[in-house]
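Q: Could you take me through how burial, contacts and salt bridges are read in a model?

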Amino acid sequence: MKVKRDFSIKNKPDMLPLIDVVFLLLVFFIYAMLSMSYHNGIRLELPESAQAEHMEETTEFIVSVEADGRVFMGKEEVALPELGARVARYFEGKTKKQVILSGHKELSYQNLFHVMDTIREAGVCDIALQAEVAKP
């Protein structure tokens, strides 16, 4: 006596809706991750450097200096004498003190050092200078 086996597709669950849902979730999470990375400083034309590396912005504290010497803390313009007090107040009680400093490529070297000195006097010595990666 032979037993007839039924290998029909009727008894198997349909996987296509599950694949669609997983794909949509993947797209959603990728989009959410991309929208979380943002630059909260002002847009500047940065100088180029052959040794520049892509830097993860681990801090939201960005100081930007325009070519004419105007100083911005995030997107808010700040007078240079006031910058030191605001930096000290922001990092009060924090263990990790890092500032990302971005200066316009036409900014004078002396103006950049005035801003760096003001930040250092406020107690922050970890200052990262931001630059564009030089194109070969």
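This is a predicted model: local features need pLDDT of at least 70, side-chain atom pairs count only at pLDDT 80 or more; totals for chains, interfaces and linings use all residues.

A: Residues are numbered from 1 along each chain as its sequence is written, and side-chain values use heavy atoms, with hydrogens and water left out.

Q: Does leucine 101 count as buried or exposed?

A: Buried means under 20% relative accessible area, exposed over 50%, and partly exposed in between (1.4 Å probe, protein chains only). Leucine 101 counts as buried because its relative accessibility is 0%.

Q: Which residues is leucine 101 in contact with, leaving aside its neighbours within four places in sequence?

A: Contact means heavy atoms within 4.5 Å. On that basis the partners of leucine 101 are Val63, Val65, Leu112, Val115, Met116, Ile119, Ile127, Ala128, Leu129 and Gln130. Glutamine 130 is 29 residues away in sequence, yet the C-alpha atoms of leucine 101 and glutamine 130 are 6.1 Å apart.

Q: How many salt bridges does the structure hold?

A: A salt bridge is a side-chain nitrogen of Lys or Arg within 4 Å of a carboxyl oxygen of Asp or Glu, and the structure holds four. Among them, arginine 70 pairs with aspartate 68 at 3.0 Å, N to O, and with glutamate 77 at 4.0 Å, N to O. Arginine 70 counts as partly exposed because its relative accessibility is 35%, whereas aspartate 68, at 54%, counts as exposed.
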